[in-house]
Amino acid sequence: MPLAVHFPEWLKPEVIPGLPVRWYGIMYVVAFGIAYLLYRRQIRERRFPMSDNDLSGLFTWGILGLIIGARIFSTLIYDTSGIYLRQPWLIFWPFRNGQFTGLQGMSYHGGAFFGALSVFIFAKVRRFSFRELSDMFVAGIPLGYTFGRLGNFINAELVGRVTASPIGMIFPHAAKLPASESWVQEIAAKTGVVISGAYVNLPRHPSQLYEMLFEGIILWAIIWFFRSRKPFKGFLVGLYFIGYGFFRFFIEYFREPDAELGYPIEFVKSTLPAAYSHPPFSFTTGQILCFIMIMSGIVWLIIASRLPNREVTYVYSEAKEVFINKGESSAERNKRRKLRKKLR
């Protein structure tokens, strides 16, 4: 009796077959929407002095920076063909061979870096506290990120390593493995997979769902708990970088690394294939970037805890209105400016 779960055949990347609308793109829209609603809720519960226009501008620039950074990192770091270096205009060209394909391939780490940079620039231009804005941002991002990983699962991409555990799943587009290998035969026998040719598709870890749970739901719950208990401004940013880097670093042990990249760092080489084994002292590109994230988070916590005006104001009781209309009076504008000075 087969022990592995088959990927649902009815689950397709396209919302409607034949039309260029994919669930992955919709999940991005849902993610941004959830992050926006959670940010808006924090503004209301804290009576934070930010207008509708400011909030819209913040998210516009933040999302733009995230998409640009995610795409640049994906094409220049994870792609080894060199085509994007030779033809850089293809980085943001959503067509291939005359067909609309969208921007296939996005790097989380690039999105995080450029997204943070966009928020920093916006805060400086509009005279907000970067620490305040970014703390509220990261309190909503993980829950939105959950739907991004759900989109990866629907696409049946970013599959994990081969496993004989009951939670293994047979993905339709996973690389088939040579049936002549002894370890392949062993896994097939344990999971009840029938070998009928020279190559066989074995069960793999649904690593997209692992990331959805730990980097999304659990990380969001932790940060959301601390949003009204943070000891200083900027604390949630450091917590987010450390938390995401920690979860992603260990989940990478269940993911199969990109065939072109492999393990950039190998302290102990292994003869076992990457689809089957991830040596504990061999590190993927994603793990290297996660380690940098963790260290950056620790350094940021040290810096943020010593910056001036680090005391937290949980509720701005002097603000009568959170969302100020376009027709606000000069007295209201002056009051809002005074509140902004307190934030800085």
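Me: Is glutamate 252 buried, partly exposed or exposed?

Reply: This is a predicted model, in which local features need pLDDT of at least 70 and side-chain atom pairs count only at pLDDT 80 or more, while totals for chains, interfaces and linings use all residues. Residues are numbered from 1 along each chain as its sequence is written, and side-chain values use heavy atoms, with hydrogens and water left out. Buried means under 20% relative accessible area, exposed over 50%, and partly exposed in between, with a 1.4 Å probe and protein chains only. Glutamate 252 has a relative accessible area of 6%, so the residue is buried.

Me: Where is glutamate 252 found, and which residues does glutamate 252 touch, not counting those up to four places away in sequence?

Reply: Helices (H or I, at least four residues) and strands (E, at least two) are DSSP runs, numbered from the N terminus. On that numbering, glutamate 252 lies in the loop between helix 9 and strand 7 (265-266). Contact means heavy atoms within 4.5 Å. Leaving out residues up to four places away in sequence, glutamate 252 touches His278, Thr284, Gly286 and Gln287.

Me: What separates the C-alpha atoms of glutamate 252 and serine 207?

Reply: Along the chain, glutamate 252 and serine 207 are 45 residues apart.

Me: How many aromatic pairs does a search of the whole structure find?

Reply: Rings of Phe, Tyr and Trp (its six-membered ring) pair if their centres lie within 6.5 Å; planes under 30 degrees apart count as stacked, over 60 as edge-to-face and the rest as tilted. Searching the whole structure by this rule gives a total of 32.

Me: Why does the pair of phenylalanine 48 and phenylalanine 128 have the class that it has, and what is that class?

Reply: A pair of aromatic rings is described by the distance of the centres and the angle of the planes. For phenylalanine 48 and phenylalanine 128, the centres are 6.2 Å apart and the planes stand at 25 degrees, so the pair is stacked.

Me: Which parts of the chain does this pair link, and is phenylalanine 128 buried or exposed?

Reply: The two residues are 80 residues apart: phenylalanine 48 is in the loop between helix 1 (23-46) and helix 2 (52-78), and phenylalanine 128 in the loop between helix 4 (108-126) and helix 5 (130-138). Phenylalanine 48 has 0% relative accessibility and counts as buried. Phenylalanine 128 has 4% relative accessibility, so this residue also counts as buried.

Me: What class does the pair of tyrosine 240 and tyrosine 244 fall into?

Reply: Tyrosine 240 and tyrosine 244 are four residues apart in helix 9 (residues 235-251), a separation of about one helical turn. Tyrosine 240 is buried at 5% relative accessibility, and tyrosine 244 is buried at 0%. Their ring centres are 6.3 Å apart and their planes are at 35 degrees, so the pair is tilted.

Me: Is arginine 127 exposed or buried?

Reply: Arginine 127 is found in the loop between helix 4 and helix 5. Although not a glycine, arginine 127 has a positive phi of about 65 degrees. Its relative accessible area is 56%, so arginine 127 is exposed.

Me: What is the accessibility class of arginine 47?

Reply: Arginine 47 belongs to the loop between helix 1 and helix 2. Its phi is near 55 degrees, a positive value in a residue other than glycine. With a relative accessible area of 32%, arginine 47 is partly exposed.

Me: How many of the residues of helix 5 are buried?

Reply: Among the buried residues of helix 5 are Phe130, Arg131 and Glu132, as well as Met136 and Phe137. Helix 5 is mostly covered, and its buried residues number nine of nine.

Me: Which residues outside four places in sequence does asparagine 152 touch?

Reply: Asparagine 152 is found in helix 6 (residues 141-154) and is buried, with a relative accessible area of 3%. Proline 13 is 139 residues away from asparagine 152 in sequence, and the two are 9.2 Å apart in space, C-alpha to C-alpha. Not counting residues up to four places away in sequence, asparagine 152 touches Tyr24, Glu157, Leu158 and Gln208.
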